[in-house]
Amino acid sequence: MNGVNLKSRLAEKGPIFALLPALFVLILILVPFGYSIYYSFTDASLISRNVNFVGFNNYLQYFGSGLFWHNAKVTFSYCFLVLFFEFALGFIIAFALNQDTWLGKALRPFLLFPLMISPIIGTIMWKLMMNPEYSVLNYILSPFGIPRKFVWAGSSSYALFSAVLIDVWMFTPFIAIIMLAGLKGIPPRILEAASVDGLSKWTSFRKITLPLLMPYIIICLVFRFIDSIAQFDIIFGLTRGGPGSTLMNFQVEAYTQAFSYYKIGYGSSIMLVMWLIVYIVCFWLIKYWRVLRENLR
Amino acid sequence: MNKRKKIGKNIFVNLSTSIVLILSFSFLLFPVYWILTMALKTNPDILTYPPKFFFQPTIKGFQYILGLAKIVGATGVSAGVESWFLVGIKNSIIVVVSTVLISLAVGLPAAYVLARYKLKGKEDIAFTILSFRFAPPLLVIIPLYLLFSKIGLYNTYISLIWVYQLISLPMIVWIVRGYMEEIPIEIEQAGMVDGYSRTWIFFRLVLPLAKSGIAAATLLAFIYCWNNFIFGMILAAVYVQPVTVQATRYLTPDAIMFREIAAICIGAALPLLILSIFLQRYLISGLSMGAIKR
Amino acid sequence: MPKISLKNVTKKFEKVVALNNLSVEINDREFFIILGPSGAGKTTFLKVIAGLENIENGEIYFDGDLINNIATAKRDVALTFEDYSLYPHFTVFNNIAAPLKSSANKNKYNREQIREKVDKFAKMLNINHLLDRLPSELSGGQKQRVALGRALIKEPKVLLLDEPLAHVDAKIRNQLRTEFHFLREKFQTTTIYTSHDYKEAISLGDRIMFLNKGEIQQIGIPEIIYNFPKNTIVALNVGWPEINLFDCSVNFENSQLFCPKGDFVFNISGNILKLLKIYGKSEYIVGARPHHISFSVKPSDVYNLKAICGTSEVLDNQSVFYAKIKNLDLTILVNDPDLSLIYKQELWLSFDDQSLIFFDKETNENIKLKE
């Protein structure tokens, strides 16, 4: 190309050098990723030096034994419950805060508290409150019919609910704060024009507010979806996947297989299956998000 | 609508808003409050039902986790208690601060390149960097555990700092890049016309103008790293593990040391809680900007 | 104070051609104006000369030296951007002083000298009372002056000004335009100044280059551009109100011009007729400047074209009004602020045939420039 000499050509390519360290650090993930794939086809174990190639055995066992379906069921029920409640509650809180009442403004600085607490720490805190002997929760909820020694995570019927409760407590603020930012981003003029045009509050919500909030909703959806599918800290901290295998989602299962049963190969295969699912869903979600964004323009 | 209806409507809106806020914030903040009080109660006050809302406070819990307490063994000999909490805090600080500093050193130039330069496949590179955030941690931890053990990096600060890059680097690159794209390129061109080098332009024009984005990204990265549990649990042992892992050290299957556990929870959470109040602005802008700017 | 030459310069942004095979010579110390509508390529032109954009093809010379490969910092040019592009976090003083402290000019000036120079230029531009302010605290006109100070302070060989008066209040604009005249005299640099306002161009320029969609339409001194526009595009953009253009055909037998849209004829004679005969064609686009059309409220031999009056406005000591002959809309300018014309009133118009401009219907080019 005319007009570019060596010096400026270097200046053009120079930036690659700035990018390299970042890429190099991230090679960090490609090497273990490759190893994961390798291990998933072996019977690698923490207690044996022998590593034998076993082909697709791990995968076949995973799907064949029904373990995959169990993990999938736990993972996705957790995910959908969490998404539903967090969006519902987050929306409500965002709306309430958007009213800019005195109370809302005073409380806002504390909104992010649960989010600031490490998931494992938060889980421990809830565990303390859920202890059946001295549970303050049982006390507060007794008027609603909760028995005195309600076991929360100790029972297989309510373990999922307990875990979801902790997740909702922890991450609803995330959704609330982003929705609030979205609501504040809607020019009041649009809503005024709508009411001048005679639209009811519900209609203007449906036709104006909701579409404008879509990009924010999708972003929350993507982040929360990924995080809840991969949820480890809360479930591990609560019951390590129990009681029995009630709360075994993909990651906790993989951890247990790899570090409790020492089956590295099996654990790796579980993780790869999960990663594939996440990747595909994300890919489509983001595609949809990009399309939405263009339409909004 | 007529005035009476309007006032009535307003009262209804205000009332329901207040009810919603009181209920939801009670839900969000009660656990923190309760655990704080638990950390300050005497054991009899904790191990009782109905739970006590009024009590005489004691600092024994905090003394214990800070290693300032003495326990009397079965033989009547008193011994000091090691403070896992302080070990954890020290480790957290070392690992997280180093991680974030390295992420900044590596990520800021990368963000600039991604913001400014026309490269083939630039968006793909950017997406790839972001996609690392989506990988389930265990996917890399299992092989890394074996790898690190083999090359002697198990239970070292370096291994944690390196692995933590996985969560802090993408965040910094992604958020800062968004802010940098907002800076008009003409300002940099003015710098070139004035005779300045690209390096000067980067440090004296771009970085200062992206200041708030950098602050927000740094804060978020710090929080994410500080709160991380799984890397430290698996890839390190006692004396390297951050405070999040140390907190689980008290969860013995036999006697539950309610107060001490509560105290360490408060201790582990307190730094970020206080930070969040003072740096609200950056937090919120980082969270929403990171979300919007894609 | 170099002579600048561009030879066959082409600049593309992806598929879009911003500058199409341009060749132009700008003289030493000339105040050269690039005139054109938005998107014409004016800013790109300046950035290419400054070295902020690479070119796909062509050469650029300063005084005969090829500068294609020379980095911006070394070209000794100064550029003021359309939005000023002041450093937002530097004070006015530091903005102006910036060029003096850069690596290209390092060690040339010590602190004292820098302070002196900045004070000198600030005083010259009447902004010495603003030195401690930040750009966010300045008005458009003040920012413009700071940008100018930053550009002039390094006494560059070439001064590039990108639409400097575009975003400045009308009142300040006139003031600044006068100051540009003064600066022109004082700093004998080669200056390239872009604008979309022809009045500015005609007032300030030694020569004007009309640029449209990346192609040069015409280069010449202001009088030529105005009186002999090379094509319809130049004619439309230079002059206010906009020139009236309409199709017509020449009848050489009875020396008349027939306009189909207005369904009227009028006589042509003298030099214009001779010119048309020489050119030979019979179909043209005719350009009539609004002040070359006159009217009367009563018909006569001269005023024989019936028209219906449209709306009118009065500005300063002139009036502009619109009239329609059948389907042809015309704009007319009269030096009388007291016209009391009534909407839909009947008028009789006359064209000053000698001042008409004829454009070839196929090429849109001014036939007078075809020699």
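This is a predicted model: local features need pLDDT of at least 70, side-chain atom pairs count only at pLDDT 80 or more; totals for chains, interfaces and linings use all residues.

Reply: Residues are numbered from 1 along each chain as its sequence is written, while chains are lettered from A and ligands numbered from 1 in the order in which they are written.

Take chain A. It has 13 helices and 0 strands. Helices (H or I, at least four residues) and strands (E, at least two) are DSSP runs, numbered from the N terminus. Chain A has 297 residues and a radius of gyration of 24 Å, well over the 19 Å of the globule rule, so it is more spread out than a compact globule. That radius is taken over C-alpha atoms, and the rule is 2.2 Å times the number of residues to the power 0.38. The C-alpha trace of chain A spans about 85 × 75 × 30 Å along its principal axes.

Burial comes next. In chain A, 40% of the 297 residues count as buried. Buried means 20 or more other C-beta atoms within 10 Å of a residue's own, with C-beta atoms placed from the backbone. Now the contacts inside chain A. Take those between residues at least 6 apart in sequence: 70% of them join residues at least 24 apart. Two residues are in contact if their C-beta atoms, placed from the backbone, lie within 7 Å.

Now the partner. Chain A gives 68 residues to its contact with chain B, and chain B gives 72. On the chain B side, the elements giving two or more residues include helix H1 (3–39), helix H4 (84–116) and helix H7 (157–181). H1(B) supplies the largest share, 16 residues. By class, this side of chain B has 58 nonpolar, 13 polar and 1 charged residues. Here Ala, Val, Leu, Ile, Met, Phe, Trp, Tyr, Cys and Pro count as nonpolar, Asp, Glu, Lys and Arg as charged, and the others, Gly among them, as polar.

Last, chain C for contrast. It contains an open sheet of 4 strands, ordered S2-S1-S4-S5, with antiparallel pairing. Strands pair if DSSP finds at least two bridges between them. The edge strands, each pairing on one side only, are S2 (16–26) and S5 (65–66) of chain C. S4 (residues 57–62) of chain C meets S5(C) over 2 antiparallel bridges. C:Tyr61 stands opposite C:Leu66 in S5(C).

Definitions and conventions: A residue is buried if 20 or more other C-beta atoms lie within 10 Å of its own, exposed if 12 or fewer, and partly exposed in between; C-beta atoms are placed from the backbone.
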